[in-house]
Amino acid sequence: MQENFTNMKEIKVPKPTIKRIAMYNRFLTQLKEEGVEKTSSKEIAEALNIKASQVRKDLSYFGEFGKRGVGYNVEKLLSKIHIILGTERVWNVAIIGVGNLGKAISHYPELEKNKFKIVSAFDVDKRKVNSILLPGIVIKHINDLKEDIKKTNFEIAILTVSPSAAQPVTDLLVEAGIKGILNFTPVTLNVSEDVVVENVDFVISLKTLTYEIISKAGRSFEDQSNSEEDRVF
């Protein structure tokens, strides 16, 4: 199945495309659960509020899918997207920093459903270390990270530590051989070229949201700038 794909090392796939591919995965999973056997780029596009041509362009990075006028077999396309995203297998994940956010993420039911399994958890708080996070998951001290990664073979770390601890903990993770970090801290992490970092910043998302709200309300940047000048001068 994989041999039908364009060699992903030979092309640079835009990050927004990968994000949309993940959204297609979610929509197709929903269709499969509902017993739907076929879909189209138009149906996918309408569900996600984008253009059908965008769906076809995104998929074209990875080869030929479906037939014009016939559409896509839901199960087959979903299977191929799993291969594209690497989610045809289970990924072992560690939670680094078991505060409120770390706990909430670890209990999110969609993780395991989507092939992400929490296998380890770490903190420095003595009140948390050696306590149970999930069935079979005991919170360990961050100093045990290197030894634990050899046992549990976690490949992804979800980082929810304080900003001041973000880079030192990242250094430990990189030294231990981590492959990817989902970074919930507001810190730009320095990592080696072979480590992938995906930043999740709620504040940036909220500011993007406020911009969109203002734009839809018809307020231009120039209008806001003028009103600010009036207030100052």
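Predicted model: local features only at pLDDT ≥ 70, side-chain atom pairs only at ≥ 80, totals over all residues.

The protein has 10 helices and 9 strands, and buried residues account for 36% of its 233 residues. Of the contacts between residues at least 6 apart in sequence, 59% join residues at least 24 apart.

**Helices α2 and α3**

- Helix α2 covers residues 41-48 and helix α3 covers residues 52-60; the two pack at an angle of about 110°, and their axes are 7 Å apart.
- An angle from 65 to 115 degrees counts as roughly perpendicular, so α2 and α3 are roughly perpendicular to each other.
- The handedness of this crossing is right-handed.
- On the α2 side, the contact is made by Ser41, Lys42, Ile44 and Ala45, while α3 brings Ala52, Val55 and Arg56.
- Sorted by class, the residues of this contact of α2 with α3 are 4 nonpolar, 1 polar and 2 charged.
- Lysine 42 is found in helix α2, and with a relative accessibility of 53% it counts as exposed.
- Lysine 42 and serine 53 are 11 residues apart along the chain, and their C-alpha atoms are separated by 8.3 Å.
- Asparagine 49 sits in the loop between α2 and α3.
- Although asparagine 49 is not a glycine, it has a positive phi of about 60°.
- Asparagine 49 counts as exposed, at 71% relative accessibility.

**Helices α1 and α3**

- Helix α3 also meets helix α1 (residues 15-33): the axes of α1 and α3 come within 10 Å and cross at roughly 105°.
- That angle makes α1 roughly perpendicular to α3.
- Here Thr17, Arg20, Ile21 and Tyr24 in α1 meet Gln54, Val55, Asp58 and Leu59 in α3.
- By class, this contact of α1 with α3 has 4 nonpolar, 2 polar and 2 charged residues.

**Helix α8 and its surroundings**

- Helix α8 (residues 163-176) has 14 residues and reaches 20 Å from its first C-alpha to its last, which is close to the 20 Å expected at 1.5 Å a residue.
- Which residues of α8 are buried? They are Ala166, Gln167, Val169, Thr170 and Leu173.
- These buried residues of α8 pack against β3 (91-96), α7 (145-152), β7 (156-159) and β8 (180-183).
- Just after α8 comes glycine 177, which takes a positive phi of about 100°.

**Helices α7 and α8**

- The axes of α7 and α8 come within 9 Å, crossing at roughly 45°.
- With an angle of that kind, α7 and α8 are oblique to each other.
- As α7 passes α8, the crossing is right-handed.
- Leu145, Lys146 and Ile149 in α7 meet Leu172, Leu173, Glu175 and Ala176 in α8.
- By class, the contact of α7 with α8 has 5 nonpolar, no polar and 2 charged residues.
- Asparagine 153 lies in the loop between α7 and β7.
- Phi of asparagine 153 is near 55°, a positive value in a residue other than glycine.
- How accessible is asparagine 153, and what does it count as? It has 48% relative accessibility and counts as partly exposed.

- Valine 90 lies in the loop between α4 (74-85) and β3.
- Valine 90 is partly exposed, with a relative accessible area of 44%.
- Leaving aside neighbours within four places in sequence, valine 90 is in contact with Lys115 and Lys117.
- Valine 90 and phenylalanine 116 are 26 residues apart in sequence, and the distance from C-alpha to C-alpha is 5.8 Å.

Notes
Residues numbered from 1 in each chain as written. Heavy atoms only, no water. Axes fitted to C-alpha atoms, helices over the stretch in contact; angles between N-to-C directions. Helix = DSSP H or I, 4+ residues; strand = E, 2+ residues; numbered from the N terminus. Parallel < 35°, antiparallel > 145°, perpendicular 65-115°, else oblique. Left-handed = near helix turned anticlockwise from the far one by under 90°. Contact = heavy atoms within 4.5 Å. Nonpolar A, V, L, I, M, F, W, Y, C, P; charged D, E, K, R; others polar. Expected span 1.5 Å × (residues − 1). Buried < 20%, exposed > 50% of the residue type's maximum accessible area, 1.4 Å probe, protein only.
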